[in-house]
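Please read these notes with the model open beside you. They go point by point.

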Protein chains: 2
Amino acid sequence: MVALMSVPQIILKKRGGEENSFEELKTLIEGYLEGRVQEGQIAAWLMAVYFRGLSKRELKDWTSLMWHSGITLPRENKNTVRIDKHSVGGVGDKTSLILVPLVTAACEKLYGKGRVKIPMVSGRGLSHSGGTLDKLESVPGFSPSLSVDKLSKLLETQSFFMAGQTGEIAPADRLLYALRDVTGTVDCLPLIVSSIMSKKLAENLDGLVIDLKTGDGAFMQEKAKAKALGKALVEVARAQKVEAVAVMTRMDEPLGFKVGNHLEVEECADFLTGKSREAGLSEVVLELASWMTYLGGRKKLRREKCREACEEALSDPRVFQIFTEMFKSQGGNWDAFLSEGERLRQDWKEIVWKSPRAGKVSAIPARAIGHFLNDLGGGRNRKEDAIDHKVGFEFFRKVGDPVKKGEAVVRVFCSASHDPDSVRERLGKIIKISGTAHRKRWVIGALQ
Amino acid sequence: MVALMSVPQIILKKRGGEENSFEELKTLIEGYLEGRVQEGQIAAWLMAVYFRGLSKRELKDWTSLMWHSGITLPRENKNTVRIDKHSVGGVGDKTSLILVPLVTAACEKLYGKGRVKIPMVSGRGLSHSGGTLDKLESVPGFSPSLSVDKLSKLLETQSFFMAGQTGEIAPADRLLYALRDVTGTVDCLPLIVSSIMSKKLAENLDGLVIDLKTGDGAFMQEKAKAKALGKALVEVARAQKVEAVAVMTRMDEPLGFKVGNHLEVEECADFLTGKSREAGLSEVVLELASWMTYLGGRKKLRREKCREACEEALSDPRVFQIFTEMFKSQGGNWDAFLSEGERLRQDWKEIVWKSPRAGKVSAIPARAIGHFLNDLGGGRNRKEDAIDHKVGFEFFRKVGDPVKKGEAVVRVFCSASHDPDSVRERLGKIIKISGTAHRKRWVIGALQ
C-alpha cells in the first residue's frame, strides 16, 4: 500500500513543476467535494497550475475526475450516434440555435430519423460574451433546467435538447468554476479545457465539433493561443474515445446582424426561414453543420456530401418546424415571443447611429459591442447580474460594406433610461468607417 | 476618489507580475480578517506571490499591515532601549535562553539597571526545527501565554520576558501562517520576512539581531538564500527605524551538546554556571550577545567592548540568578525541573550509540537528528502533535572530535516503547565517522 500524500505535499509538487498522480488529483477533488480539503488549498493548487500547467496525462485525469464527479447521460441504444458542438464564446454567436434544427434535419435525410442525437448542454453569458441559455430564455416559458429523466426523454422523442448544466452534471466543475472566478484563475488553458470537456463528456458523446473563436471578441484573442486550446480540447476528447474537430473561426466583429438575446433568436428564425441570412453567419453555420453531420455519420460519408445535405436542409420548411418544436418541447411559447418582438418595436426606444461620412465599415470591434450590451442591461458583467433580454443591437452594415454619409449603420434597442446622445457617442467611438475595407473569410481552418 | 479594485483584479495584478498598491494589500488583509475576502482568494494571492515575489515597497507595506492588525507593545519611557534576537530556526538552538540573562547582565553593567529591555516573543518547534516556547515549557509551571499588561509589567520589573505570540500580536499573521501551512506557501521569502517582522515590530524595538542559520539543519540550506533572507529582514526593519543586523551562523550539526526540550534547558543552566560550555554554542552565544549589547547601547560603544562585557558576565553568578528568575517570574518551578531531570535519568531508557571505528566525527546532520527527535516524540511533525519534553539526545562528541572504537558518541533519552537496536541502527546511518574531519567556525559573518 502506498501512503497517501498530504494535501500540502500535493500542492508543493505542482508548485515545483512536478506531475501530480491520478491518486493525488483524486485526493484534491474528492476531498474538496467532501469538505476534507480546504477552499484555500484548491485555490493555491489552481494558481500553481496557472504557473506550472498540467501535463497531457494530468489534464486527462483531471478532466475525467471532474466528469465523474457527476452523472453521465445514459445511452438509449448502440445504434444512435451522439454529437454536439461547443463554442468557446463570442459576440452575436447564435449558431447553436440554428445548428440543432439544421443538423437534425440533415441527419434525418442522410442517416434516417432518430439515428443522430444532439444532447446540447450550454452555458450563460459572462463578460462581453453571450450565452446560449440566455438566448433561449428570451422565449417566454422556455426552461433549460430539466431533470436527467426529462433530458433522456427529449433525446428519445425529438433527438435533441438544449439545457443548462444541471447539479448532476460535473458538480466539481461548478464548484471549481465559482472558485476560479473569484481567485483570478479563469484564463488558464488546462483549467478551461477540463471545465469544458468534463461537461461534454457527461453527455456521453461520439463526436464533438468545437467552434474555436479567435480575434478581438474571443476569449483567446491570439490565434496561437486559440490553436493551443483547440489542440488540447481535441486531445482530451480523443483520449476518451470521442471524435473531435476544432474549427477556427473569426470573432473580430459580432456574428450576424443582431446582438442581444431576443434579437438573436429573431435572427435565427429569419435565418432558418430564409428571410435574412448574413453572409458571415451563413459561412460559419454551414461549416459547423457539415462537420457535425460528418461526425454524425461516423465519418463514413465525405464531408462535401454532408455540406450539400446541410445546404439543402436550409430550404426545407422542416427545419424551421424543428426550431419552433425545440422551444415548445421545453415549455417555450413561440407566439408569445413574436408578440414580445412587436411590443418591443412599439414601446422601446430605438436609437439609430448613422455614418458620419461616406466610405466602408472597417471595424465593429466585437468586445466593445459586448461590453456595451452589458452596460445597457443586455448582458452580465458579473454572474449575479440580471439580464434584460430585449436589449440589443441590429446592424444594417457589417465590416466591408459600403456606407453613405448619414446612412444608418446600427439600431440600438434599450430602455428609456439611456440618453440617445451618449449611446450614439459611444457607438461613434467603437465603429470605424474608412476609405477601404474588405470582408474576410470567417472560417480560418479546422484542427482535426 | 479612486474606485476600489475588486479582489480578483488584485490577484490578477500580482499573477501578472505587477505591484499591488498599499490600498490593494489593505483590501486583501482587512477583508480576510473581516470575512469579506475568501480564504481561497488569499491562498491564490499567496501562491501568486510565491511565483512573482513582492517588491521592497510591497514587502514593507504587507509587513506593516500584518503588524498593525494587532497591538504594538507600549513603551515605558523614552530612556530605555528595546532589543531582541530572532533565530530563523535550527536544531539544538537554545541561544535565546542563554542570551536573555547574559545580555541583561552585560547591559546592566555597561548602561545601568533597567536601561535595556528584551521583550522576547518566540515560537514553537515545527518540522526538524526546535522552538524556544517548547523548551521553556519543559520547566513545570512556566507559562508563555501572558496578557499585554503582564508583559509590560515584566519589562518594567525585570527588563525582559519570554512569551508566545498572543492573540493581540499580529493576528493577521497567525491566520495567514495557518493558511500558508496547509497551502504549500510557507517557504516563500517575502512571506517569511513579513511573518517574522510583523511580530518583531509589534515588540516596539530599537534594535534586532537576527541569527541567520544556514546549512543542513536550517530552513535556508544554501548560503545565498539565507543571505537574501537576512538582507530582506534587515531592510524591512530599517524601513521601520529599527536598527538590525543579521549574523550568519552555521547549522550543519546540532548546536551544543544536547537536543531535546528538557535537555536543552539543562544545557543552558550548565552553560551559565560554567559547568559545561560546548565550543560552538559559546562562539554563537558570544557573537549574538555582543551584537545585542552593541545595539542595546545604540551603537555608542565599540563592539569589542560589548563582547568583553558579555565574556565577563559569563563568570558573574548574577547571570544564572537572572536565568532562574526568568522562569520563576512566569510561573516556572526550577526545583521541580531539577527533580524531573533526576527522575528522567532513573526511570528512562538511555540508549548509547558507540563509534564502530576509530577516527574523527565528520558529520552529525542536524536535519536528520531533528526529524529523529520528532519520531521519538520530542518534536512536532505536524503543529497539532503533542511533545514529550524529556525526549532528546546528548552528544559526547561533536564534529571534528576524535573518537576511539567503541567509545560513546551520543546518548538517547526516549520512552521504553522504542527498540534500542533500531534507534542505534538509525543513528549509525546518520552519524559519520571518518579518518579526518575538522571543526569549522560557527559564525560565518554579519550583514549590517
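1. Conventions. This is a predicted model, in which local features need pLDDT of at least 70, side-chain atom pairs count only at pLDDT 80 or more, and totals for chains, interfaces and linings use all residues. Residues are numbered from 1 along each chain as its sequence is written, chains are lettered from A and ligands numbered from 1 in written order, and side-chain values use heavy atoms, with hydrogens and water left out.

2. Symmetry. Chain B superposes on chain A by a rotation of 179 degrees with 0.0 Å of shift along the axis, at an RMSD of 0.1 Å. That is the relation of a two-fold axis. Within chain B, B:Gly40 comes closest to the rotation axis, its C-alpha at 1.9 Å. The copies meet through the same surface, because 100% of the interface residues of chain B are also interface residues in chain A.

3. Helix pair. Helix α2 (residues 22–33) and helix α4 (residues 56–67), both of chain A, pack at about 35 degrees with axes 10 Å apart. From α2(A) the contact takes A:Phe22, A:Leu25, A:Lys26, A:Leu28 and A:Ile29; from α4(A) it takes A:Arg57, A:Glu58, A:Asp61, A:Trp62 and A:Leu65. By class, that gives six nonpolar, no polar and four charged residues. The crossing is right-handed.

4. Terms for point 3. Helices are DSSP runs of H or I with at least four residues, strands are E runs of at least two, and both are numbered from the N terminus. Axes are lines fitted to C-alpha atoms, for helices over the stretch in contact, with angles from 0 to 180 degrees between N-to-C directions. Right-handed means that the near helix is turned clockwise from the far one by less than a right angle. Contact means heavy atoms within 4.5 Å. Ala, Val, Leu, Ile, Met, Phe, Trp, Tyr, Cys and Pro count as nonpolar, Asp, Glu, Lys and Arg as charged, and the others, Gly among them, as polar.

5. Cysteines. How many disulfides are there over all chains? The count is zero, taking a disulfide as a pair of cysteine sulfur atoms within 2.5 Å. For A:Cys306, the nearest cysteine sulfur is that of A:Cys310, 7.0 Å away. A:Cys306 is buried at 0% relative accessibility; buried means under 20% relative accessible area, exposed over 50%, and partly exposed in between (1.4 Å probe, protein chains only). B:Cys414 is also buried, at 0%.

6. Positive phi. A:Ser159 is not a glycine, yet its phi is about 75 degrees. This serine lies in the loop between α7 (148–158) and β3 of chain A, and is buried at 7%. B:Arg298 has a positive phi of about 50 degrees and is not a glycine either. This arginine sits in the loop between α12 and α13 (303–313) of chain B. Buried or exposed? B:Arg298 is partly exposed, at 40%.

7. A:Thr166. This residue is in the loop between β3 (160–164) and α8 (171–183) of chain A. A:Thr166 is buried, at 9%. Beyond neighbours within four places in sequence, A:Thr166 contacts A:Leu146 and A:Arg174. A:Lys199 is 33 residues away in sequence and 9.9 Å away, C-alpha to C-alpha.

8. B:Ser282. Helix α12 (residues 279–296) of chain B holds this serine. B:Ser282 is buried at 16%. Outside four places in sequence, B:Ser282 contacts B:Phe271 and B:Arg277.

Notes:
Copies are superposed by least squares on the C-alpha atoms of residues with pLDDT of at least 70 in both.
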